[in-house]
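Please keep the sequence and the model side by side while reading. The paragraphs below are meant to be followed with the structure in view.

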Amino acid sequence: MPDSKTTFPPQQQQYPGRTADMQPTPRDEMADYEGRGLLDGRAALVTGADSGIGRAVAVAFAKEGADVAIAYLDEHDDARHTAELVEQAGRRAVLIPGDLSQEENCAAAVQRAVEKLERLDILVNNVAYQEPKASLEEITTEQWDRTFRVNIYSYFWTTREALRHMHDGASVINTSSINGLRGNKQLIDYAATKGAINAFTYSMAQALVDRRIRVNAVAPGPVWTPLIPSTMGEEKVEKFGKQVPMQEPAHPDDVAPSYVFFASERLSGYYTGEVLAPIGGETLPG
């Protein structure tokens with residue numbers, strides 16, 4: 001559970017942001033997490049795994065026994081640190097840089113993961129982009145297109161390629177957001193992509209149930225990751241997460257166990273087409 005004494009001073013970075021420059025440093029290394037062999041012998045590809053939620057998920061998977069391919073844009077220092085954490089857990093790590101808003105890079109990321117790890121059992125679509133705007137009129141076509149290409153096109157392209165290599169018992173986990181469940185007036189394009197991810201999750205769960213490939217999503221509330229100071233103004237960063245009942249954002253370590261749950265057939269073998277929402281006490285209608 002988040003530390004209620006944590007404060008977030010005003011700060012801003014260039015996108016996509018660096019973990020080392022954040023104050024406070026996110027808890028994203030799963031340092032006190034003890035694996036139980038839930039993913040022994042498995043191989044996972046996690047996109048956006050250089051930092052934040054992706055890093056915590058990669059490390060948690062490694063501690064549960066999985067080898068991990070780490071796909072990321074160009075944050076090489078952060079990505080190498082994630083790889084080191086995976087290797088410290090005794091598992092193989094593969095670094096795969098590239099812009100996943102481009103179709104060919106999504107296919108190449110899957111192919112490299114399979115080439116290096118010899119199999120693919122778990123796909124975590126996690127890469128994301130956001131750029132808050134005060135109104136729809138301020139969103140350019142270029143921004144709209146970029147947000148959709150990163151946040152939902154990449155999920156489509158990467159999943160389509162991954163399914164060529166996935167078999168009975170495999171798992172696809174998509175990162176959605178609270179904004180995909182209830183919208184956000186300052187993140188209209190981002191929220192629209194997250195709503196699309198939910199529908200994609202439901203549809204793919206139905207499409208793949210006969211192949212015994214489970215498809216689920218995690219829809220976090222506010223999480224302290226490099227995406228926040230690199231896409232929000234200083235004042236918003238200072239107030240980030242204060243609106244939820246717990247009155248502060250989660251850290252990636254708080255959210256990663258949800259992905260372990262969906263990745264493990266032992267824990268969630270009867271779950272597909274579900275959206276799990278760690279949102280700090282917020283409740284939703286319906």
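What follows goes from the overall fold to the sheet and then to the helix contacts.

This is a predicted model, in which local features need pLDDT of at least 70 and side-chain atom pairs count only at pLDDT 80 or more, while totals for chains, interfaces and linings use all residues. Residues are numbered from 1 along each chain as its sequence is written, and side-chain values use heavy atoms, with hydrogens and water left out.

The protein contains ten helices and seven strands, where helices (H or I, at least four residues) and strands (E, at least two) are DSSP runs numbered from the N terminus. Its radius of gyration is 17 Å, close to the 19 Å that the globule rule gives for 286 residues, so the protein is as compact as a globular protein of that length; the radius is taken over C-alpha atoms, and the rule is 2.2 Å times the number of residues to the power 0.38. The C-alpha trace spans about 45 × 35 × 35 Å along the principal axes.

The seven strands of the open sheet follow the order S3-S2-S1-S4-S5-S6-S7, with parallel pairing, two strands being paired if DSSP finds at least two bridges between them. Strand S3 (93–97) and strand S7 (275–276) stand at the edges with a single partner strand each, so one side of each has no neighbour in the sheet. Strand S1 (residues 43–47) and strand S2 (residues 67–72) run parallel and are joined by five bridges; Thr47, for example, has Ala71 in S2 as its bridge partner. Helix H6 (residues 188–208) lies across strand S5 (171–175), strand S6 (214–218) and S7, and runs at about 160 degrees to S6.

Two packed helices are described by the angle between their axes and the distance between the axes. The axes are lines fitted to C-alpha atoms, for helices over the stretch in contact, and angles run from 0 to 180 degrees between N-to-C directions. Helix H4 (residues 141–162) and H6 have axes that come within 8 Å and cross at roughly 20 degrees, which makes H4 roughly parallel to H6; angles under 35 degrees count as roughly parallel, over 145 as roughly antiparallel, 65 to 115 as roughly perpendicular and the rest as oblique. Their contact (heavy atoms within 4.5 Å) includes Trp144, Phe148 and Tyr155 of H4 and Tyr190, Ile197 and Phe200 of H6. The residues of this contact divide into eleven nonpolar, five polar and two charged, with Ala, Val, Leu, Ile, Met, Phe, Trp, Tyr, Cys and Pro counted as nonpolar, Asp, Glu, Lys and Arg as charged, and the others, Gly among them, as polar.

Helix H1 (residues 52–63) takes part in two further contacts. With helix H2 (residues 76–88) it packs at an angle of about 20 degrees, the axes being 9 Å apart, and H1 is therefore roughly parallel to H2. Arg55, Ala58, Val59 and Ala62 in H1 meet residues of H2 that include Asp78, His81 and Leu85, and the contact holds five nonpolar, two polar and two charged residues. The axes of H1 and helix H9 (residues 252–263) come within 8 Å and cross at roughly 55 degrees, so these two helices are oblique to each other. By class, the contact of H1 with H9 has eleven nonpolar, one polar and one charged residues.
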